[in-house]
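Good morning, colleagues. Today I would like to go through the side-chain contacts of one structure, and I ask you to keep the display in view.

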Amino acid sequence: MAQVEATTERIVAADAETVFDAVADYENTRAKLLPEHFSEYEVREGGDGEGTLVHWKLQATSKRVRDCLLEVTEPRDGELVEKDRNSSMVTTWTVTPAGEGKSRVVVRTVWDGAGGIGGFFERTFAPKGLGRIYDAVLANLATNVEK
């Protein structure tokens with residue numbers, strides 16, 4: 001099994017603290033940022049950053065739906081990590097200043113891929129598909145905080 005990685009990023013016209021607070025706000029903001037690929041969104045514990053337990057279903061393709069139960073940690077300032085209890089998937093959000101009133105947001109998701117021919121297709125196509133999904137999340141984030 002090889003590790004599969006999908007990374008996307010965006011410069012957002014808002015300061016890093018505002019952007020990070022929006023990303024970490026699972027109770028109110030996060031659900032507004034999710035495109036149609038996400039369903040059954042539910043905060044089960046916490047709701048603001050570290051200590052949050054959140055559930056959603058992610059429809060990566062027409063046939064592939066991943067049931068996610070994510071534990072949220074904040075290992076460093078500006079970094080939020082979502083570890084899925086149901087799989088090897090880990091998504092890391094990193095928010096850093098990018099000049100006056102701007103932030104750089106990087107979303108990196110890694111997981112243990114399948115072996116064989118299925119794994120080949122997963123490693124080839126899944127990063128692009130997941131990247132497009134998180135590009136939509138980042139576009140919604142920018143719309144939400146660039147007011």
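**Aromatic pairs, salt bridges and a glycine contact**

Let me begin with tryptophan 56, which is buried, with a relative accessible area of 2%. Buried here means under 20% relative accessible area, exposed means over 50%, and partly exposed lies in between, with a 1.4 Å probe and protein chains only.

A word on provenance. This is a predicted model, in which local features need pLDDT of at least 70 and side-chain atom pairs count only at pLDDT 80 or more, while totals for chains, interfaces and linings use all residues. Residues are numbered from 1 along each chain as its sequence is written, and side-chain values use heavy atoms, with hydrogens and water left out.

Which residue forms an aromatic pair with tryptophan 56? The structure holds four aromatic pairs, and in one of them the partner of tryptophan 56 is phenylalanine 38, in an edge-to-face arrangement with 5.4 Å centre to centre and 90 degrees between the planes. The rule is that rings of Phe, Tyr and Trp (its six-membered ring) pair if their centres lie within 6.5 Å; planes under 30 degrees apart count as stacked, over 60 as edge-to-face and the rest as tilted. This pair links distant parts of the chain, 18 residues apart: phenylalanine 38 belongs to strand β2 (residues 38-45) and tryptophan 56 to strand β3 (residues 53-59). Helices (H or I, at least four residues) and strands (E, at least two) are DSSP runs, numbered from the N terminus. Phenylalanine 38 is buried as well, at a relative accessible area of 10%.

Tryptophan 93 and tyrosine 134 form another edge-to-face pair, with 5.8 Å centre to centre and 80 degrees between the planes. Because tryptophan 93 lies in strand β6 (residues 90-97) and tyrosine 134 in helix α3 (residues 116-145), the pair ties together parts that are 41 residues apart in sequence. Both tryptophan 93 and tyrosine 134 are buried.

Arginine 66 lies over the face of tryptophan 111, at 5.8 Å from the ring centre; the criterion is NZ of Lys or CZ of Arg within 6 Å of the ring centre and within 35 degrees of the ring normal.

I turn to salt bridges, defined as a side-chain nitrogen of Lys or Arg within 4 Å of a carboxyl oxygen of Asp or Glu. The count comes to seven. Glutamate 40 is partly exposed at 49%, and lysine 57 is partly exposed at 24%.

Is each partner buried or exposed in the salt bridge between arginine 76 and glutamate 79? Their N to O distance is 3.2 Å. Arginine 76 counts as exposed at 54%, whereas glutamate 79 is buried at 11%.

Finally, glycine 101 is found in the loop between β6 and β7 (103-112). Glycine 101 touches Val12, Ala13, Ala14 and Asp15, not counting residues up to four places away in sequence, where contact means heavy atoms within 4.5 Å. From alanine 16, glycine 101 is 85 residues away in sequence and 7.9 Å away in space, C-alpha to C-alpha.
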